[in-house]
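Hi everyone, thanks for coming. Could you bring the structure up on the screen, please, so that we can walk through it together?

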Amino acid sequence: MLYKVLVVDDEAPVRDLLNDLLRREDCKVCICGSGEEALKILQEDVFDVVLLDIKLPGISGLEVLKNIRDTNKNLPVIMITGFGYNEDLINRSKEFGCSGYIGKNMPVAQIITTFKQFAKCAKSGE
Amino acid sequence: MSTAVKEDREILHELLNNAGVIIIYLDINGNIIFCNKKTDEITGLSHRNIIGADWLKTLYRGNSNIIKQDMFKAVMDECMRHKREKDFEGLILDSDNNERIISWNLTPVLAENKEVRASILIGQDVTKIREAGNSAKNIDQTLKDILFGLKEYALYVTNLEGNITYFGMGSETMLGWNKKEIVFKHAGMLHNNKEAENNLNFILEQVKSSGKYEKETALLTKSGDPVAVILTVNKFLDSDGKHSGYIFIARDITEIKKLEYQAFQAEKLAALGLLSAGIAHEINNPLLVISGRSTLLAKEQLSQKIKDDLALINEQAERIQKMVDRILKFSQKTKIAFEAVDVNEAIDFILPFAQYGNLPNVKVEIKKYFAKDLAPARGDLHQLQEVFLNLIINAYQSMPEGGVITITTNSFENTHAIIQIKDTGTGIAPEHLKDVFMPFYSTKNEGKGLGLSICYNIIKNHNGSIELDSQIGRGSAFTIKLPFI
């Protein structure tokens, strides 16, 4: 197993796709559709990496990131977003302590490669 | 001496010495025989030194007054020769060596044989009166100078029928008419009479009924171009207070309108930026699914045909993703920042956007001649992209039947990047060439006429230049120079 990944995205087709793509990369994947659900899961289980959508119903991905960082400084959290390359979002994500940023407008293969690079960097920095 | 004569003398003495004017009695040679107290007071000269002295040399003493002495001597000679009184003004020095303006009256005294035997010189100090008058004149002149200096104002007056009787202040500059050619013409020619509320008759009626008209509107220049103004019209009253015409004051608000439009555009773009981000988000999610699923499916055991179709689906999805990305980048207005700009890349980036405005049945060919290894220009990428986009869209719009747009970039004297956008469109008439970069100039029905003026300002702010060369029926070429970084 490469990584145990929590995928958080409110769009079912997107989280199912990410689930399938990551499983093909030998990852164990858990999926959920909201920030509140993600925080609950993280209290009960341990993950290697979180792949976190920014725009979520209820609390936003950035708030989820902030919450995670309050209790766990080392857990790699990679933001993924349909807003693409957005300086403001990137800066705020970095400010709250993200480990990487991926735009959904990237080609699929690049999304996976970038995810693996960020996860590797974050894990090796532990 | 009898008491009566003595009293008369005393009265006369009192009269002369209490008079508020200079009274001097001169002999036939102009020597002072008598002068009153006022003379002593104003001149500050001792009475003893005055009596018997030549009046000119006494009152106009000093070398600087030699000319004055000659002048007044001539006046006196004429007065004596013709035996008639003369009024004139002159400056004298008072006891503090200050100049006083004296209004003189010189009257010859005739003997019984009608010959001149003496003269009486009466002088009133009018210094204060003249200073007040000059002050008023100065204020008036200053006011005129200020008013004439306010280049954005025009003032003209008409009679009751609306014929121009006065065309002053900045009217010539603003409206292009020479006052000689427009006076007595009807002021209606300055108004766009197709617009009901700008119609001169409407305006005059409004002033007649309510006393005033004030509205943001447009006046027409001699060349027929509109000038955005705030127009105030009031009744013009003659010296009897009778309504005899109308006074028009127009304030040119072209610059204000330009700033307002730019602010509006900026707000629109900011809103567009937000909207684009939202739309991009809504498009990127399903596109990811399309792209991702087709990629995964292609890894299954399928026929080559199906795999090819899946690859095509993926390719088209990626194409949409790239375009969405472009739109998002272009519509996100960041702060103006001068940086190294690759003009070739900047033009390539916006070219697809310009092409969207083109109708499918109109064939427009794009020819690009980009200089290789062109040094980067110093500029704000977004603003320059806006300029290039504007000019290329204009080129498309000038060719409703199709044509060729040629875009060339090059280096100019190793100091500037030179960019030329040329079309084979309708071209612009020579008399309009000087106005194309002016605000509100437009040859398009739907155009607001601010695109090129904004381009002009952007390039100027980049310390560059933009020029237009155009011929009717042959097309136009915009040439931009931008300094290298």
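Let's start with V5(A), whose bridge partner in β2(A) is V29(A). Before I go on: this is a predicted model, where local features need pLDDT of at least 70, side-chain atom pairs count only at pLDDT 80 or more, and totals for chains, interfaces and linings use all residues. Residues are numbered from 1 along each chain as its sequence is written, with chains lettered from A and ligands numbered from 1 in the order in which they are written.

Strands β1 (residues 4-8) and β2 (residues 28-32) of chain A run parallel, joined by five bridges. Strands here are DSSP runs of E with at least two residues, and helices are runs of H or I with at least four, numbered from the N terminus; two strands pair if DSSP finds at least two bridges between them.

Now, burial. Four of the five residues in β1(A) are buried, that is, with 20 or more other C-beta atoms within 10 Å of their own.

That brings us to the largest nonpolar core, with 45 residues; V5(A) and L51(A) are among those with the most contacts inside it. Such a core is a set of buried Ala, Val, Leu, Ile, Met, Phe, Trp, Tyr and Cys residues joined through C-beta atoms within 7 Å.

How values were computed:
Buried ≥ 20, exposed ≤ 12 C-beta atoms within 10 Å, placed from the backbone.
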